[in-house]
Amino acid sequence: MDKLIDTKKAKELRRNIERSDKIVLTCHVRPDGDAIGSTLGLWHLLKELGKQPTVIVPDKPPMNLSFLPGFKEIGINTLHPQFCEKSFEEADMVICCDFNTPSRQDNLAQVMLNSPGMKVLIDHHQEPSAFTDIEFSYPDMSSTCELVFRLIAAMGWYGEVNLDCATSLLTGIITDTRNFSVNCKNPDLYDILMRLLEKGVDKEKIIKEALTTRSLASLKLEAYAISEKLEIFQRNKGALITLSKEELDRFNYEKGDTEGLVNRPLEVKGIVYSIFMREDADCIKVSARSCNGFPVSEICKNLYGGGGHLQAAGGEFHGSLEECRKILIENMDAYNKYLRSTKSSIV
Ligand code: 5GP
Ligand code: MN
């Protein structure tokens, strides 16, 4: 199970955790199930070990994760900046989960970097920048939560994984694999699932809470986006949805309401990639998903200074929604070379 993990490095991490008391667990901006699952999963483990851990996140996590034990204890930088800064200042160790570069933390990045604590990276994104003292970067893994589980096993703390820790970790695996439908080819993942179920995790509850429960307004927003705002680009086998602030307001948009929307166009036969642009208060948030190995991470990196995984990526654009849309449309043809030559048209 733990054969993929560098055991020497895992032991080094164990030694350093044993020496530390105050440990901050932190993640990327707009945290998702994997970011919250991995930080809370470690939080429960460290509490079990008698440490004083704190989860600090850049901004508010979505409410579909509020069922997770410990959710209310999370320190949110946009709401309680002083508490967050103090936690980093006092930390013996800072564990950075599910992001590969400080800029993914927005305003929290400098606070994190200023911490005197030893820094550890636990992440599954490509090409991490060198900002930590110990790095566990495994881009082939389904999720940071999968990596955290393997790391815990490699450190010899499987026995200390309690139900709350297991629930948090399975949540990240389930959200990042969309309930075992993407990035889940490795048979070991099902071994991990089995071990988490043995801890008593309620998988059905996780799926219901984290993936399939939503407000009526968000369901209507998705229906509107698909019926009124979906653009199909036949030659590019691409799909685009844009939602302006005014449209979001019309449907009483709340954080997390458009989660999953970007995947919907991929249900259409022949569509290889899908891009969703949302006009947030501070930027245009770009989300991209694909199939058949089409590198949406390249589009996000080249056009929007973002990144992510080959088939699931994102970025931020500073300008108008229309400009953001235009840049994509003007550049789409350059990515046709990545389309596998299938004759199938979009039907
Ligand atoms: P999502 O579309 O769910 O926001 O993100 C999909 C993937 O792309 C995640 O792995 C996420 O970490 C990455 N991602 C999203 N937004 C950004 C961004 O602004 N910059 C970078 N580098 N990665 C992003
Ligand atoms: Mn992740």
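Tutor: We shall take the domains and then the ligand of this predicted model.

Student: Which domains does the assignment give for the protein chain?

Tutor: The domain assignment divides the chain into domain 1 (7-212) and domain 2 (216-338). Their centres, taken over C-alpha atoms, are separated by 27 Å. To the contact, domain 1 gives 10 residues and domain 2 gives 13 residues.

Student: How many salt bridges and polar contacts are counted between the domains?

Tutor: A salt bridge is counted when a side-chain nitrogen of Lys or Arg lies within 4 Å of a carboxyl oxygen of Asp or Glu. Between domain 1 and domain 2 there are three salt bridges, and four residue pairs are in polar contact. By class, the side of domain 1 that touches domain 2 has five charged, three polar and two nonpolar residues.

Student: Which residues are closest to ligand 1?

Tutor: Ligand 1 is surrounded by 14 residues, the closest being Arg104, His125, Lys285, Ser287 and Arg289. Oxygen atoms of the ligand lie 2.8 Å from a side-chain N or O atom of His125, 2.9 Å from a polar side-chain atom of Arg289 and 3.2 Å from a side-chain N or O atom of His309. Of the 490 Å² of accessible area that ligand 1 has on its own, the protein covers 83%.

Definitions and conventions. Residues numbered from 1 in each chain as written. Chains lettered and ligands numbered in written order. Predicted model: local features only at pLDDT ≥ 70, side-chain atom pairs only at ≥ 80, totals over all residues. Heavy atoms only, no water. Domains from an automatic or database assignment. Contact = heavy atoms within 4.5 Å. Polar contact = N/O pair within 3.5 Å; in protein donor to acceptor, adjacent residues only side chain to side chain. Nonpolar A, V, L, I, M, F, W, Y, C, P; charged D, E, K, R; others polar. Near = heavy atom within 4 Å. Areas by Shrake-Rupley, 256 points an atom, 1.4 Å probe, with all protein chains shown as cover.
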